[in-house]
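Reader: I would like to learn how to read ring pairs and nonpolar cores in a model. Could you take me through them?

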Amino acid sequence: MRESILVILLTWTFMVHQGLCGRLKKIAQQPSNLLEDYSSYRHISIIHFNVPEHLVAVTFKFTAEEEKTGGIGKCLPRNVSLHLKTGSLPFVRPDGSKVAANLMKRRQRHYSLQMQSNGDEYTIKVEAPPAGDWYTIAFRSWTDPNDEQIKQQGLGASCETVLDSEMFVEMPAMTLLVNPGIEHEVQLNETSDSAIMQFLVPDVGFVEPSLLLNSSCGRYSNITSGGACERVHNVTTADVYVNSTGPAYVHVPFPEAGIWYVSMRAYCLEETTSDNDICHCGQTCLGGDAACDTCDCLSRCPVSVESIVASSPCIEGRCNDHGKCMHCMSSGFVFSTCLCTGGYRGFDCADDAYVLTHGGIILHLLTLTFSNLAFLGSIYVAIRREYFTEALSYAAVMFFSTFYHACEAGEDVYGVCIMRLSVLQFCDFFNALLAIWVTLVAMASLGPRLTAFCQIAGAIVLAMGAEMDRTALWVFLLPAVTGSAIIGLFWGYRCRRRQTIRYPSRPYRTIYFPAGLLLVALGLVSYAFLQTRKNYYLVHSLWHVCVAIGVILLLPKRQYMK
């Protein structure tokens with residue numbers, strides 16, 4: 001009677017699922033995500049999918065493209081990296097940084113995809129996917145920060161990388177719950193070409209605890225007599241070796257939800273009977289890189305084991321003393337990551353590949369600060385030519401630029417900060433803009449009253465612009481374009497009134513003015529196009545020197561402007 005009822009239920013299940021064919025069907029579309037350049041995990045964007053049960057396959061489709069938000073020119077495609085995993089966030093190291101903490105190396109597989117933000121469609125297909133949560137992390141691909149160009153905002157196109165994602169599923173034509181005691185027959189044809197048959201498998205027990213620890217979520221591994229761990233596809237070394245009474249740790253970044261198994265086994269090293277030496281095979285197997293299937297001098301022995309499982313952000317709430325552990329949010333998911341400082345990088349801020357030596361820090365600091373001493377010449381020339389307001393402006397540039405770089409170039413090792421870095425930065429930018437403006441006004445030779453009016457009006461406008469967005473291109477163009485227009489207007493007026501093009505006087509017009517423009521143009525090109533993170537201290541110092549010497553050449557003697 002019970003078998004008859006089961007046959008009826010199976011027949012009903014077959015009829016219900018008969019209408020489902022193995023075709024792709026879109027069941028999810030996630031909101032657009034803005035991607036950032038990768039330098040640490042705080043720059044990832046998380047995309048979440050919920051995969052239903054009993055699927056033949058699931059296909060994730062991704063499309064990335066650039067959207068222009070401002071600037072000049074058009075947006076060019078950029079490289080985008082995606083990593084997909086079931087159960088938790090994928091843990092990857094796209095920058096190849098090293099990690100000091102002992103991480104669990106053999107995790108569940110994750111799928112990777114390299115694509116471009118050119119509007120093309122890219123897909124990842126997974127056959128027979130596990131049901132549940134699937135997570136994708138996406139970001140603009142990592143590039144070497146030493147080669148990264150420092151671009152002036154607004155000089156090129158400002159673009160955002162937008163990622164769209166969808167999920168398609170292939171469902172079976174039928175799903176059957178199989179009773180091992182009954183013979184089942186399934187017919188497949190063109191309209192019903194796929195089936196899923198479910199078997200109930202009882203739970204299995206645990207293995208004997210010991211001192212070699214192995215933890216590949218959802219399943220456990222056996223430990224061989226030689227101290228190796230039998231994985232699904234191969235034999236490897238254990239995840240943790242404990243050979244003292246001190247604690248040993250294994251860290252699992254972004255662990256998968258579910259049941260975790262830990263296999264343990266204790267061994268004792270026996271002395272050999274031939275030369276009375278400690279077993280060398282044991283030293284190779286226990287704690288080495290090689291996985292040993294057998295080792296005659298290893299024997300089991302009783303031992304007391306204390307184990308603790310705890311959850312904490314980052315690595316036990318810390319970042320190796322070279323960063324801060326912080327919590328980030330993406331798409332509603334909160335995760336922990338390290339914000340490294342002082343040039344350190346990596347998951348636990350242990351990679352020092354980009355950390356400057358003390359000598360390198362001092363070189364950067366001295367180059368960026370002492371290059372401002374070139375403004376002493378500008379101050380001296382301005383005073384000699386009775387440009388006292390301009391001399392004060394050049395002195396302010398030298399003072400604030402020197403202490404701004406002394407504060408930020410020291411890498412928290414040799415930094416000298418006389419006030420908050422944000423205040424020093426504002427004063428540096430504002431006084432640099434003001435120095436450009438008062439120099440252009442002096443070149444126009446407007447007369448004392450009009451010159452004073454232009455200087456004060458410019459100071460008010462430039463202070464507002466420096467506070468609004470001190471790195472924007474329009475903030476630099478505003479005094480340069482306005483000042484150049486005033487110079488052209490007043491020089492042209494004087495040439496017309498005198499009915500000659502020989503204004504200003506010949507030495508300034510043919511020597512100092514062209515040479516000053518050429519030198520300032522060299523500094524501007526270097527500042528806007530040649531700066532990278534690696535050569536910043538050299539190119540930016542060149543900018544200081546070019547501007548200071550350029551001011552000496554461009555600031556005219558008063559007799560040249562009569």
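Author: What follows goes through the aromatic pairs and then the nonpolar cores of this predicted model.

Reader: How many aromatic pairs does a search of the whole structure find?

Author: The search finds 20. One of them joins Tyr38 and Tyr41, with 6.5 Å centre to centre and 80 degrees between the planes, an edge-to-face pair.

Reader: Why is the pair of Tyr41 and Phe254 stacked?

Author: Planes under 30 degrees apart count as stacked. The planes of Tyr41 and Phe254 are at 25 degrees, so this pair is stacked, with ring centres 5.3 Å apart.

Reader: Are Tyr41 and Phe254 buried or exposed?

Author: Buried means under 20% relative accessible area. Tyr41 has 4% relative accessibility and so counts as buried; Phe254, at 13%, is also buried.

Reader: Where does the charged end of Arg558 sit?

Author: The charged end of Arg558 is over the ring of Tyr387, 4.2 Å from the ring centre.

Reader: Which residues of the largest nonpolar core touch the most other members?

Author: They are Tyr394, Trp437, Met443, Trp491 and Tyr508, in a core of 43 residues. Helices that each supply at least two residues include α5 (388-408) and α8 (473-498). The most comes from α6, with 12 residues.

Reader: What is Tyr508 in contact with, leaving aside neighbours within four places in sequence?

Author: Its contacts include Met443, Trp491, Phe513 and Leu553. A second, separate core has 23 residues, among them Ile47, Leu55, Leu163 and Met167.

Terms used
Residues numbered from 1 in each chain as written. Predicted model: local features only at pLDDT ≥ 70, side-chain atom pairs only at ≥ 80, totals over all residues. Heavy atoms only, no water. Phe/Tyr/Trp six-rings, centres within 6.5 Å; stacked < 30°, edge-to-face > 60°. Buried < 20%, exposed > 50% of the residue type's maximum accessible area, 1.4 Å probe, protein only. Lys NZ or Arg CZ within 6 Å of the ring centre and 35° of its normal. Core = buried A, V, L, I, M, F, W, Y, C linked by side-chain atoms within 4.5 Å. Helix = DSSP H or I, 4+ residues; strand = E, 2+ residues; numbered from the N terminus. Contact = heavy atoms within 4.5 Å.
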